[in-house]
Amino acid sequence: MDTPEQPQIYLITPPTVALSTFPDQLARVLDGADIACIRLALAGNDEDTISRSTDACREVAHARDVALVISNHVLLAQKLGLDGVHLDDAARSVRAARKELGPDAIVGSFCGTSSHDGMTAGEAGVDYVAFGPVGESSLGDGTLAEKDLFQWWSEMIEVPVVAEGGLTPELIRDLSPCTDFFGIGDEIWSSDDPSGALNTLLANMP
């Protein structure tokens, strides 16, 4: 993923998607905004359920030339024809995933609030590092990824960075100068109009 001048949007799916409605919702979001990449953040380990949800989302994404990665399931990423994988264990699985998926696949890593984990992941060959949550969230132990982390990273490290978790209009305005991507998921899917909710958030980019 290339580093843009203005942050791009990295869309994160809900943990469960309704096949009867979600592909249409996703299509409306993709048609209404410029999306760089989608992460399938699907819950559970039922291969059939994950595969059916993935197939439906892949059709929508690839028809619009939007890259699609899946959380953690390296072998499924390959099997289902996805563009790569997003790892939740900081740097631990990066080398194995890269070896399995090859040099052209997208391999990203969530590193919580740890610049050390981010640098280790970068050295292991990730395409991007994600830090979060940046806003109030029930994820993790309540520690937030502060603006200082993103400022330092953007000045010192060339690996693109994603800000995610608990994003608000104020945080988007504040973090825009020092992040490459905003990982947006729960912030819009709880709305009756996810596309409208996304555009309302994006209106706060400088």
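Guide: Arg-98 touches Pro-103, Ala-105, Val-107, Gly-125, Val-126 and Asp-127, leaving aside residues up to four places away in sequence, where contact means heavy atoms within 4.5 Å. The model is predicted, so local features need pLDDT of at least 70 and side-chain atom pairs count only at pLDDT 80 or more, while totals for chains, interfaces and linings use all residues. Residues are numbered from 1 along each chain as its sequence is written, and side-chain values use heavy atoms, with hydrogens and water left out.

Arg-98 lies in helix H4 (residues 94–101); helices are DSSP runs of H or I with at least four residues, strands are runs of E with at least two, and both are numbered from the N terminus. With a relative accessible area of 17%, Arg-98 is buried (buried is under 20%, exposed over 50% and partly exposed in between, with a 1.4 Å probe and protein chains only). A polar atom of the Arg-98 side chain lies 2.7 Å from the backbone oxygen of Ala-105.

Asp-65, in the loop between H2 and strand S3 (67–71), is exposed, with a relative accessible area of 74%, and its phi is near 60°, a positive value in a residue other than glycine. Asn-72, in the loop between S3 and helix H3 (74–79), is partly exposed at 37%, and its phi, near 70°, is also positive in a residue other than glycine.

A further loop, between strand S6 (128–131) and helix H6 (147–156), holds Pro-133, which is joined to Gly-132 by a cis peptide bond with omega of about 0°.

Finally, there is a helix pair to consider. Helix H1 (residues 22–32) and helix H2 (residues 47–63) pack at an angle of about 25°, with their axes 9 Å apart; axes are lines fitted to C-alpha atoms, for helices over the stretch in contact, and angles run from 0 to 180 degrees between N-to-C directions. That makes H1 roughly parallel to H2 (under 35 degrees; over 145 is roughly antiparallel, 65 to 115 roughly perpendicular and the rest oblique). The contact is made by Phe-22, Pro-23, Leu-26, Ala-27 and Leu-30 of H1 together with Ala-56, Cys-57, Val-60 and Ala-61 of H2.

Notes:
A polar contact is a pair of N or O atoms within 3.5 Å; within protein, one must be able to donate a hydrogen and the other to accept it, and residues adjacent in sequence count only if both atoms are side-chain atoms.
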